[in-house]
Amino acid sequence: MQKKRKMATSWCLTSMRNSLLKVVKFSVIQGRNTQIGENFVQRLKACTCSHLIQHRSYYDNTLTSENQKFVYQWNLLKHQFGPSPLKDSPWPRQDWKPGSKRTGLIAVKLGMYPMWTKSGKKFVTTALQIQDCNVIRYVPPDEAPGDDQTGKNAAIEVGAKNASPLYMDKGLTHKFHDACVPLKQRTVLFYVTENSTIQPGTPLYATHFRPGMYVDCCGKTIGKGFQGVMKRWGMKGQPASHGQTKTHRRMGATGGGGSPGRIWKGKKMPGPMGNMWRWTRCLKIWRINTRHNIIFVEGNVSGSKGGFVKIKDSLNNRFENDPPPFPTHYPEDGDALPEELYDEDLHEMLQESIAFEEEEEEER
Amino acid sequence: MKNYDHDNLCPGGNVRHFASQDSSGKDEPPTNSKSPSDNEVDAIPERLSPDNKAATLPAPKISLDLLRRRQAQKKDQEQVEKFITPEIYPPMGRRSKILDYLERQDCFKRRMVMDIPEFYVGSILAVTMADPHANGKTSRLVGICIERKNYGLGASFKLRNVIDGQGLEVLYELYSPLLHKLEVLKLEKRTDAHLLYLRDALPEYSTIDPDMIAIKHPPGRPVPVNDIVVKMKPRPWHRRWERYELKGLDVSGVSQSRMATVQDHILPEYKKMDLLMMYPRYDITEKERMRIEREWEVHQNELERTAKKGS
């Protein structure tokens with residue numbers, strides 16, 4: 001009986017709370033005393049919630065279906081009641097000069113795709129799609145975090161792939177509000193030179209790169225869990241037979257004797273393997289689909305399909321001969337690009353079959 | 001979605017074709033007539049039902065010749081199932097639909113440049129490919145297709161032939177730009193999804209004349225199924241073919257003790273029809289399948305249009 005009573009009271013409280021919250025929300029919509037309204041909501045939650053207080057965009061299962069719909073739509077709308085994207089005048093754009101660094105992008109790994117060169121050689125590419133990439137904020141060199149050794153470079157925070165406001169922590173939403181941009185699932189900080197400033201809110205497309213350029217791609221490697229020393233570090237283990245007692249896949253020796261008398265730090269041992277960000281350098285871009293924003297990059301990229309990949313310019317690009325779109329590609333500038341951009345050496349499917357020419361015999 | 005539709009492979013027929021004969025069009029495919037005993041027990045025949053007004057009229061007399069002529073006409077008018085190439089159906093697994101679509105579009109683009117004809121496992125093909133080390137910079141191979149694999153641009157097939165007593169198998173990529181020509185010398189199907197057992201069969205079944213003349217397949221006719229049963233070389237074989245449930249090879253020479261273990265490796269009938277086991281493989285929905293087939297139709301129409309323009 002006691003249990004039943006407890007449940008009844010909690011249900012009553014939640015229903016009371018919900019009705020009160022509806023009143024408060026209505027006043028919030030109308031714009032009256034927003035701050036007080038929000039505080040009241042929090043205090044009410046604290047009083048009546050028997051479970052953990054969630055500081056999230058609100059979505060309660062105890063609501064009726066009509067109210068659920070309302071709450072869902074209200075949450076989507078709420079994030080549009082921010083400052084206008086025209087609050088600042090457009091920032092001036094500067095030109096590329098030797099030594100400039102551009103921002104990178106965040107892509108989603110779609111899968112792999114076979115291609116052929118003009119000489120008939122087959123190779124495999126990874127397809128990376130740029131989904132809803134926007135610049136979130138620009139950090140001037142004074143305020144940029146000190147990961148970069150020089151301390152002179154500015155930073156640009158890029159966000160990718162729109163997120164649902166219902167499942168986003170409220171504390172993280174303010175920077176997207178300031179940029180006047182939908183909430184993003186992932187953000188990455190790229191270090192840039194001061195001349196490659198981009199106004200927050202600017203969309204970034206696959207045409208930021210061009211076929212023939214080289215990029216570095218960073219993806220989160222597939223997690224293998226807790227792994228032994230043979231798989232994780234490639235050690236040889238011990239023989240299967242010839243008297244080995246319970247020792248076939250072990251590390252074996254751990255180090256020296258009395259001096260140093262301890263195991264060095266960083267000794268290769270069993271542990272978690274995979275699920276780490278890893279860079280793959282100098283991958284050539286062979287093809288760009290401007291309609292779906294897909295970049296085809298030669299070779300493999302870490303991570304599973306659907307995973308995020310950070311892309312940035314590689315150091316071995318010869319931009320002196322052919323400067324890239326700087327600071328990024330703006331579609332309104334210049335003519336519209338064709339749907340598919342191919343590298344010179346790539347065999348396009350609509351071209352004729354490859355035939356080798358007869359070599360002329362050398363005259364002796 | 002399996003790449004090989006077993007229902008299409010064996011439409012049911014006792015048609016035998018030999019290499020020397022031109023069999024297409026001469027042998028009659030089996031009729032679909034049912035014997036009276038196949039009908040449902042409790043169904044009332046239409047002529048006896050009270051609604052049938054013609055039941056009282058006598059049946060018209062038709063001569064045997066006229067009947068045969070009408071049957072032949074019907075066969076000609078019968079619409080043969082349109083061929084849809086198997087490599088445009090994506091395999092199971094978590095795949096990007098956009099990427100699959102782009103791959104299919106690239107396949108269709110390549111088909112506008114080079115004609116890739118309809119062929120099956122068991123058909124005899126002649127492949128002309130660019131070769132930097134050959135005379136005239138092209139090499140031609142005639143062989144029987146023993147396998148077809150993979151999706152989209154990576155689609156491949158294997159050709160087998162025995163040349164100067166040496167068995168030879170070559171893997172070709174359908175959409176490679178090095179392929180110049182694909183001729184189907186003989187269009188036919190077999191009773192199995194692959195013919196890898198020809199490696200352990202007597203060489204006569206893999207030997208194809210390199211100067212073989214093409215046997216034209218009249219359009220509109222169903223593709224003939226060759227239900228030849230191949231005789232094997234003495235053991236050891238590359239694989240235990242008796243365990244594979246293949247219809248095209250003669251397993252009579254295998255010892256009793258080996259045949260006794262075969263049942264352990266074959267799924268029982270009830271497991272084959274188990275929906276829960278099949279479910280994860282059927283990743284592609286009916287809607288998607290319709291969309292893919294529509295893309296194929298559009299591509300075929302474009303091909304016809306460009307062919308007409310050219311001629």
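Predicted model: local features only at pLDDT ≥ 70, side-chain atom pairs only at ≥ 80, totals over all residues.
Residues are numbered from 1 along each chain as its sequence is written, chains are lettered from A and ligands numbered from 1 in the order in which they are written, and side-chain values use heavy atoms, with hydrogens and water left out.

**View 1. Where chain A meets chain B.** Here 30 residues of chain A touch 24 residues of chain B, contact meaning heavy atoms within 4.5 Å. Together the two chains bury about 2400 Å², with 64% of that on carbon and sulfur atoms. (Buried area is the accessible area, with a 1.4 Å probe, that two parts lose on being put together, summed over both.) Look for A:Tyr113, A:Met349 and A:Phe356: they supply 27% of the area that chain A buries against chain B, more than any other three residues.

View 2. The rule finds two salt bridges across the interface of chain A and chain B; a salt bridge is a side-chain nitrogen of Lys or Arg within 4 Å of a carboxyl oxygen of Asp or Glu. One salt bridge pairs B:Asp106 with A:Arg287, their closest N and O atoms sitting 3.0 Å apart. On the chain A side, the elements giving two or more residues are strands E1 (105–116), E2 (122–129), E10 (277–289), E11 (294–298) and E13 (340–342) of chain A. Helices (H or I, at least four residues) and strands (E, at least two) are DSSP runs, numbered from the N terminus. E1(A) gives the most, with six residues.

View 3. Searching the whole structure turns up zero disulfides over all chains, a disulfide being a pair of cysteine sulfur atoms within 2.5 Å. For A:Cys217, the nearest cysteine sulfur belongs to A:Cys218, 8.9 Å away. A:Cys217 is buried, at 0% relative accessible area. (Buried means under 20% relative accessible area, exposed over 50%, partly exposed in between, with a 1.4 Å probe and protein chains only.) A:Cys282 is in no disulfide either, and its nearest cysteine sulfur, that of A:Cys217, is 11 Å off. A:Cys282 is partly exposed at 38% relative accessibility.

View 4. Over all chains, the count comes to 24 salt bridges. Side chains of opposite charge can pair when their charged atoms come close. In this view, B:Glu87 and B:Arg111 meet in a salt bridge at 3.0 Å, N to O. B:Glu87 is in the loop between helix H2 (64–77) and helix H3 (97–113) of chain B, while B:Arg111 is in helix H3, so the pair ties together parts that are 24 residues apart in sequence. B:Glu87 is buried at 3% relative accessible area, and B:Arg111 is buried at 6%.

**View 5. Two further salt bridges in chain B.** B:Lys158 and B:Glu147 join side chains in a salt bridge (3.3 Å, N to O). B:Lys158 belongs to strand E3 (residues 156–163) of chain B and B:Glu147 to strand E2 (residues 138–149), eleven residues apart. B:Glu147 is buried, with 12% relative accessible area. B:Glu188 and B:Lys186 also form a salt bridge, with their closest N and O atoms 3.7 Å apart, and both residues are buried.
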